Structures are given as C-alpha cells and as structure tokens.
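Hi,

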Amino acid sequence: MFEYALSVMIFLPIIGGLALLLSPVSQSTARIVGGLLSAIILFIGLELFLTFTATAGMQFVESRPWIESLGISYSLGVDGISLLVLMVGAILFPVVFTVLSARSKGFYANLLIAQGAMLGAICATDMVLFYIFWEIMLLPIFFMIGLYGGPNRLPATLKITIYTIAGSLFMLAGLVYVGVSYQAQFGKWTFDIVQLSALDLGGGWAVGAFLMFMVAFAIKIPLFPFHTWLPDAYTEAPSSTTFVLSAIMAKIGVYGVIRFVVPVFEIEFARFAVLLSLAGVVGMIYCGLAAISQKDMKRLLAFSSASHMGIIAVGVFCMNVQALTGTLFQIAAHATSTGILFLFVGLMEERMGTREIDDLGGIAYRAPIFATFFAIAMLASVGLPGTSGFIGEFLIILGAIKFNAFIGFLAGTTLIIGVCYMLWMFQRVFFEKTNDRTTAFKDLKPTEALSFLPVIILIIVMGIFPQIFLEKIEPAAQQQVAKVFTMTQGQVADTTAPTPGQNNHTN
Amino acid sequence: MYDFTSLLPLIIIGTGAIGLMLLSAYERIQVDTASYVSMGFFGAAFFVQLVVGCGPNNVIFENLFNGMLVSSNFTMIAGLIIFGCGFFTAMSSNTYFKVNSFCTLEFYSILLFGACGMVLLTMAQELITAFIALEIMSLSIYILVGYDRGNISAAEAVLKYLMLGAFAGAFFTLGTALVYGGAGSTKFADISGFVASSGGNTPLLIGGAFLILVALLFKVAAFPFHAWVIDVYDGAAAPVTGFMATALKTAVFAVFANFLALNGDLHSGWIDFLFYISVFTMFGGNLIAIGQNNLKRMLAASGIVHSGYLLIALVAISADHFTGSVIGYYLAAYAAGTLGIFAALSYLGGEGEKRATFDDFKGLAKVRPYSAAAITVFLLSMAGIPPTAGFMGKFYIVTSAISAGQMALAVLGVVSSILSMWYYLRLIIKMYFHDAEESFETVGSPLATTCTFVLVFCVFAIGLYPIVI
C-alpha cells in the first residue's frame, strides 16, 4: 500500500476537491467530506513519519517517465529535508476543517486542491513536476482570497497572484537554463534533482539563473524586500487561507531553496549567502518593528509571521548543519505556533466580528481554555524554552554565529522585538478591561478544544523531546551541507568561513 | 501516385468546398445542414490526414510534385491543427448563426476553401505555390470577415484587411520576382542551394527575402505590421475571428518555418532582425492588450503577443535544430485555447454579440459556473499556467530559445508573459469576484457549448500528454 502513498496523498485531495466543485453537494457535506479526506491524509502522513528511517537518501520513491524527449519524469520521494515540511502539510489540515466554517462548498474544495498541490510540490523530486505543482497551488489560493476574503480582497488577490506568478515565471526560465546546461554537459535531458546536482555551472547566465530562482522563492517566503504583498494578502484572506499561506505555502519557499537551489547553484549560493542572510535579518527587524505598530490583530500576526520567516531564511543561508537542521525544525515549529495563531484570530473574528486590538480586552477572564491555548502557541512563536520555537531558533542562531558573528548577533537580539509585540498584544487583548463585545465571548467548544489540543501537545513535545524529530532530519542535512561545503570550499573559502572581526559584505 | 495520397485530405476539403458551393444553389437546403456537411468534411479530412501521417503505412514524402510541395511530420501536424480548427469553427458557427441570421450556405463553403488554401500553404515549397495558396486563404478570409454586410464594423474590418492584405500580397509577389532574379529559381531548395554556394549576399536576394518576410509578418500580425489586427478581429463574427486567429496563424507560421529552416545562411542573416521583431511584437502586443475593454480586442492583442512567442521559436530554428515540433505544439496549444474562448463567445455573446466587454461578463461564474470554468481554463492555458497545454507550449518555446543560446530572448519572453497575466486575470476576476447583473440566457443549438467542453478536454490532454513530433 505504501508504494503509492505519496501519490495518494497528492491526488486524493485534488480529486476530492474537483469532485466537490462539480457535484451539487451542500456546504456541510463538503465540510465533512473535506474533513474526512484530510483525516485520511493525516493518517498516511503519520504512518510515513513513523516508518521513515533516519538515513540520508530518498524514501518512498515513485518514478516513471513522463515526457521522455526532455527527460521529465513523474518522480516523488521524501528525505530528511522534506519530511517535516510534508508533515506540516499533511497533519495540520483537519484542524482547519473542524474549527472554522466557510460560506460555501467551493471554499472547502479549494482548500483540498491547495493541500494536494502543496504536498505535490513538497514530494516532487523532478524540477518540472515541482514547478507544475508550485503553480497549481496558487490557483486555489487565488480563488479563496478573491471569493471569500475581506472587504479589500480584490487588490490583495491581484497583488499576491501577479507577484508570485512573476516570480514563478522567472524560475521557469532559470529551470530551463539548468536543464539545457545539463544537456550540454552530459548529453542527455533530465530534470531530476539528484542528477542535476552534478552540474557545474559558471558564468554570467548561471548567476542570472540563480537570481531567477531566488526571486521566485524570495517572493514566496517572503524575503525582504519582496514581502510587500504579504500584509494585504494575509489580512484580507479568510483566516483558514491565511493559515495555509503562513503555515505551509511560505515554508515551501524555504524548502524550495534547500532542495532545488542549493544543490544546483552551490557556488553562486555561497557567493550570495551573506547578502541573502542579511536580507533575512533586515526582514526580521523591519517586519518586527512594523508588527509593533499594528492595530489589527491579523495584520500584526501577518507581520510577525513574516518576521519569523526571516530567521528561518537566515538558517538556510548559513550553510552549516546546525542552522539547516534548525531551519527544518523551525519550519514545523513556526507552522504549529504562528500558523495556529491565525486560526485563533479567525475564531475570535467569527465570534465577535472584530479583530481590532482596541476593541478587545479581558478575554482571558471569559475564556480561560482559549487564552491558555493561545498563550502556549504565542510563547512557542516567540521561542520560550520548553516549546518548539526555542529549539529551532536556538539552532539557527547557533549556526548563524558560526557562519558570521554579526548576523548571528543581529538575529539573536531581534528576537526580543518579537517578544515585545506579542506580549503587548496579549496583554491588551486577553487582560485589561472587558467590554460589551468580549463579555459575550464563549470559550472553546469541546470539539474545537479537542482539535486544537493535539497541536498544543505537539508544540510542547517538540520543545521537550526534539530529538525524535531532529534525528530523522539530521543525516540528510549533514549530507546536504557536506556536499555544498566540498564544492565551494576551494572557490569561495572566505565566504563560508569568515575570519572574526572581518566584515564580509563585499562578497 | 503517392503524391496524391499525401494530398488526399486537401482533395477531400476541396471537394467539400465545391460541393457545398453547388449545394447552395438549392433553396431547400438549410444553413444547418451545410454546417453539418462542412463538419463532416473537416472530420473526414482530419481522420485521413491522421491515417496518412501517423497510420501503419507511413507514407511521408519529402518532395511532392517535383519539389513543389513537401509533406513532412511538421506539415502533417500543421494540417491536423487547421482541420481541427475548421471543425470546431463550423461547430460553433452553427450555434452562432442561430441567433445572428446573416448566414447563407456559402459561408461554410468559403470556410472549406480557406482551409484548403491554408493546408496548401503549409506544404508549399516553392514561392509561386505559396503565393497562390496565400491568396486562396486570404480571399476566403476577406469574405468571411465581411460576411455580415449590414454591420458597419464588419465592413470597416474587411476594408482595412483587404487594403492592407492586398499590399502584403503585392509585397510577396514583388519579393518572389526579386528572389527569382537573384537566385534563378522559385523553389526553396534551389534558393537555399544558391545561397549556400554564393553566400547569399546579392542585393536582389536580400531585398526579395525582405519583402517576403514583410508579407509573412503582416499575415501573422507581427510588429510593426500589427495595427490592423485589432479592428479586424473585432469586426468579424466570433467564430470567424477564432478561425482567423488560429488556422491562419498556423498556416503562415508553417510556411515561415519551412522557408527559414532550409538554409542556415539565410536564417542567420535574418536572426537579429527577427530577434527585435519578436521582442517588439511581444511587448507591443502586451501594451495594446492591457488597455482593451472589449474581449475580442483583447484576444486580438493577445494574439499578437502569441505571435511574438512563436517568433522566438523561429529565431531558434535552424536546419540541424529544427524547432518545427515546438512551433507545431505551441500552435496546437494556442489553437485549443483560443478556439475555446471564441466558441464560448459564440453562444454567450448573444444576438448581435451584445455581450462584448469585460464588464458584460461580470458574475458569469455565479450564473453559469461551468462556462466560466471553461473560459478560465482557456485563459490559464493562454497565460501558460500548468497543467494546461499553454504551459507546455511556453516551456518548449523557452527551452528551444535557451538551447539555441538565446537566453536574453527567453527572459524577455518570460517578462512579457508576466505582463500578460494582467489582462487574462482581469477577465477571471470579473467572472468570479463580481455579482451577476444579468441571467446570461442563451438560445440555439448546444453545439458551441459541446465544442467548448471538448476543447477544455483538449487543453488538458495536449498539456498532460505532450506528444512532440
């Protein structure tokens, strides 16, 4: 059965979603069907995680040729790098179906298609296949924001769509360049990422292609200064869509860098690493400061999410085992903490019709369970020891200091900003005085509490026993870093191992 | 004998055209019948072409009739696309003329004649033949464009097209004469042989080739000969516009590729010229398309942009690296998407095409979700979003450009398709994110609707199983 597990995980939700769109079912039936499908995916995902062995290679591989004249194949696989990202995409969806309700069946159908496409992008080991899923996953997001979003949804939809498609199309050109170069060097066509890593690229167009890839991923992550679509899109999207965007889609951007850019463009990557990690840090600081001044809770969380994506990105660009494992771990931690916060805000908006911080207050007195859950997720998001957020951020900062003390220092101190806006927001929303709106606030219903509980437990388990997760991803991370290191050591040694006190910005 | 086997589809279409013309003398025969008959002939020709080209007895001949025509995989595919376009056009015309009653039997006959000229053009391997085919095609299209005599915009369209088209035809003839003077022959093979031996730098040859290129660029609406296309597409009836945009482009690009691919020297002499033409075509087309409020005008402008993409493949073409398969594939993908939209317009447009602007299609998804979904699929295919045919087409074009070392052109093509996202998305947004203001009732036969959904299937089928010749 597990031979085709990945294909099932990808196409079950896509087919289910299309079937929902085409058949005349009611909104509540669609919700149940969606919930069931996502539960099936959840169990397949858990089973995959448990049977995954801690080695460096690809597992659960499926491969068959598709377009043979260009060496494009339908090949899927999971390794330590994609494992946790895949888990995030597989495990968190049932919560979306149980907690928030939507206006029509179309929303649930789109949600399912988005899940399928995202899982496809995560599992694909062929670049063209990855690109196809990468583009498909934007379409349901486009319809979800445009059809079910907030009052200013149209500009937000256009912004995110055109922004991301622009990035993707550049990536298409870069991707074809990689394929053509492989053909020129080895005499045959392939887009398989394992084989492409043997490429030896150089020259102006290689840098150009690298930048094209990076633009696509930087927009998705979003990396400073490509983040401008994010506040609008995250705020206007329905909360469950925001959750999908923040918890999964942004992560695929980071994952794409690790999986497709690093192995192919080792030299260019090493050359730009300092610049890119600086972009990550600047994004952290900028979005963190912007978050402090927000009045809308969702917009605040949007900036906070972007700020945390900055540190995840820094982890990728540091190119050492600690930072890379930290990043992969933090991808899951960020999804379970910051991502889940969007669902909480969605609940609050559904019950009180507002998410302005000034309109709220004293929720903790009315809804203690809700407040506790919120607090745990929030503390994980700011990286309190004992929660999932601490492990990832600690590892990343450790790696960053090894890579470049200045960037490590900036990343470490910037985390304080996160604590500031989060705790201040928490104080204003959950404590202080209750008002007419918040006195009527009801605590979580048992079903809601039960659907959030596993995630909350996961946050704590990940914080206390990180080894369960780290041991599965470490071999692959080590292999990845080792490969990059041997390739780049001779050529840009001063970038990867900076001497203390010397500033490397000019690389 | 075998020469005629390759020509069999063409003969079928020709017979159909003449037969229908004779039939139209009888009063009792309905326009409906004529559309079924023409569909039958297109279908038969398609099938025969398929059997002749891809059947068990693979009778492909490089040269027919002493080198006057050529029959290769590329011309076979181009022929298939043209027959397919004709078939679907006849199908959607059937519905279109249920509400717009200016049709007579001769319409379908002329449609068949047009297809006849186009298929001949794809096979032409000699300049005089090419000219004759070009004129058969053009004359038929002129008549089709101006078929609605009472309509002022159709009259304007045909006048513009006829005047400018006549100039293009004259250029082509003059070019032929000059080339004949320079190379001593009108056969492509002999011209390329002469270029290979002499270097091809004679002024007569250069001038002649230039004039021929101008005529061909005019026909595909490339910059700077693109200005006519907007008004002509707008003035013609929706099915005719669809036919023009797809079949005509296929035929002209086929002969263009055949002409350019023959000789490396001839091609490399024009490569810079074509490079700039394709860049300006893409960006000029985009600039025009972004400002349009009328759907048909937008599609006309986007047709210019697609011509630009096809010119990229022509820049990348060479004798040893024949990108004909890329061109053929892209044309098929583009034809499926464009014909689909025009088929949808044929039944959604209503009487006298009263629904024409973007605003008229507001809220279509709320009232007719399946039609809106179909149009969305076509638009996404034109925009090149996977998993549609348009994506694979774009992928092949970019691949061919980069393989030929034209990285800059590939990047510019990508930038241009980013720009084009705007006007494709705009219609999707109008259809989905606004509330409906009318009920979009349609009358007439369901043929155009069927045609639309068959083409949706085609878009995905071509995209997921990209059989490249």
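This is a predicted model: local features need pLDDT of at least 70, side-chain atom pairs count only at pLDDT 80 or more; totals for chains, interfaces and linings use all residues.

Let me begin with the place where the chains meet: 21 residues of chain B and 23 residues of chain A take part in the contact. On the chain B side, the elements that contribute two or more residues are α16 (389-403) and α17 (407-433) of chain B. Of these, α17(B) supplies the largest share, with twelve residues.

Now chain B as a whole. It has 18 helices and two strands. Its radius of gyration is 21 Å, close to the 23 Å that the globule rule gives for 469 residues, so chain B is as compact as a globular protein of that length. The C-alpha trace of chain B spans about 65 × 55 × 45 Å along its principal axes. Of the 469 residues in chain B, 62% count as buried. If you look at contacts in chain B between residues at least 6 apart in sequence, 82% of them join residues at least 24 apart.

Helix α18 (residues 388-403) of chain A packs against helix α19 (residues 405-430) of chain A at an angle of about 150°, and their axes are 6 Å apart. An angle over 145 degrees counts as roughly antiparallel, and α18(A) and α19(A) are therefore roughly antiparallel to each other. Their crossing is left-handed. From α18(A), the contact is made by E393(A), I397(A), A400(A), I401(A) and F403(A), and from α19(A) by A405(A), I407(A), G408(A), A411(A), G412(A) and L415(A). By class, the contact between α18(A) and α19(A) has eight nonpolar residues, two polar and one charged.

One residue in chain A may also be worth a look on your screen. Q480(A) sits in helix α22 (residues 467-489) of chain A. Is Q480(A) buried or exposed? With 22 other C-beta atoms within 10 Å, Q480(A) is buried, because the cut-off for a buried residue is 20 or more. Leaving aside residues up to four places away in sequence, Q480(A) touches I81(A), V262(A) and L324(A).

Best wishes

Note on methods. Residues are numbered from 1 along each chain as its sequence is written. Chains are lettered from A and ligands numbered from 1 in the order in which they are written. Helices (H or I, at least four residues) and strands (E, at least two) are DSSP runs, numbered from the N terminus. The radius of gyration is taken over C-alpha atoms; the globule rule is 2.2 Å times the number of residues to the power 0.38. A residue is buried if 20 or more other C-beta atoms lie within 10 Å of its own, exposed if 12 or fewer, and partly exposed in between; C-beta atoms are placed from the backbone. Two residues are in contact if their C-beta atoms, placed from the backbone, lie within 7 Å. Axes are lines fitted to C-alpha atoms, for helices over the stretch in contact, and angles run from 0 to 180 degrees between N-to-C directions. Angles under 35 degrees count as roughly parallel, over 145 as roughly antiparallel, 65 to 115 as roughly perpendicular and the rest as oblique. A crossing is left-handed if the near helix is turned anticlockwise from the far one by less than a right angle, and right-handed if clockwise. Ala, Val, Leu, Ile, Met, Phe, Trp, Tyr, Cys and Pro count as nonpolar, Asp, Glu, Lys and Arg as charged, and the others, Gly among them, as polar.
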